[in-house]
Amino acid sequence: AGSFKRGTALKYKFDVDLVMELVDFDQKKIEQYMNQCKKALLDHFGDQVSFRFESTHRCLKFEVAKDLQFDLLITGDPERNRFGNERSYCEPAGSKGS
């Protein structure tokens with residue numbers, strides 16, 4: 001077995017990056033989107049979810065079960081930018097898998 005499995009490897013902390021692409025994304029509503037996501041996470045995970053990590057204006061950071069860390073990036077399709085969003089708000093859309 002490798003050092004990671006034996007528990008002798010350097011202790012790494014990993015997080016999972018999630019990208020949520022909204023059909024009618026409007027960067028002016030980013031705070032509203034983040035609040036809706038927080039509420040949904042609290043409704044689903046209850047006291048198992050924590051928002052103790054500092055989020056940015058575009059990224060909601062949270063932890064589940066005191067061990068699993070996530071970064072949630074909310075974005076829209078840059079090809080359907082009917083609200084004139086800044087390009088940087090649509091960059092996470094390029095990170096999604098096929």
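Biologist: What percentage of the residues of the protein chain count as buried?

Modeller: First, a caution: this is a predicted model, where local features need pLDDT of at least 70, side-chain atom pairs count only at pLDDT 80 or more, and totals for chains, interfaces and linings use all residues. Residues are numbered from 1 along each chain as its sequence is written, and side-chain values use heavy atoms, leaving out hydrogens and water. Buried means under 20% relative accessible area, exposed over 50%, and partly exposed in between, with a 1.4 Å probe and protein chains only. Of the 98 residues of the protein chain, the share that counts as buried is 30%.

Biologist: Which pattern does the protein chain follow along the sequence?

Modeller: Helices (H or I, at least four residues) and strands (E, at least two) are DSSP runs, numbered from the N terminus. The chain has 2 helices and 4 strands. Read along the sequence, they give α-β-α-β-β-β.

Biologist: How many salt bridges does the count come to?

Modeller: A salt bridge here is a side-chain nitrogen of Lys or Arg within 4 Å of a carboxyl oxygen of Asp or Glu. One of them joins K39 and D43, at 2.8 Å from N to O. By this rule the count is 4.

Biologist: Where do K39 and D43 both lie?

Modeller: Both residues are exposed. They sit 4 residues apart, about one turn of the helix. That helix is α2.

Biologist: How many residues apart are D24 and R82?

Modeller: Their side chains meet in a salt bridge, 3.1 Å from N to O. The pair links distant parts of the chain: D24 is in the loop between β1 (15-22) and α2 (30-45), and R82 is in the segment after β4 (68-76). D24 is partly exposed at 42% relative accessible area, while R82 is exposed at 61%.

Biologist: D71 forms a salt bridge with K61. Is D71 buried or exposed?

Modeller: The closest N and O atoms of D71 and K61 are 3.3 Å apart. D71 lies in strand β4 and K61 in strand β3 (residues 59-64), so the pair ties together parts 10 residues apart in sequence. K61 is partly exposed, at 23% relative accessible area. D71 has 12% relative accessibility, so D71 counts as buried.

Biologist: What percentage of the contacts with a separation of 6 or more comes from residues 24 or more positions apart?

Modeller: Contact means heavy atoms within 4.5 Å. Among contacts in the protein chain with a separation of 6 or more, residues 24 or more positions apart account for 48%.
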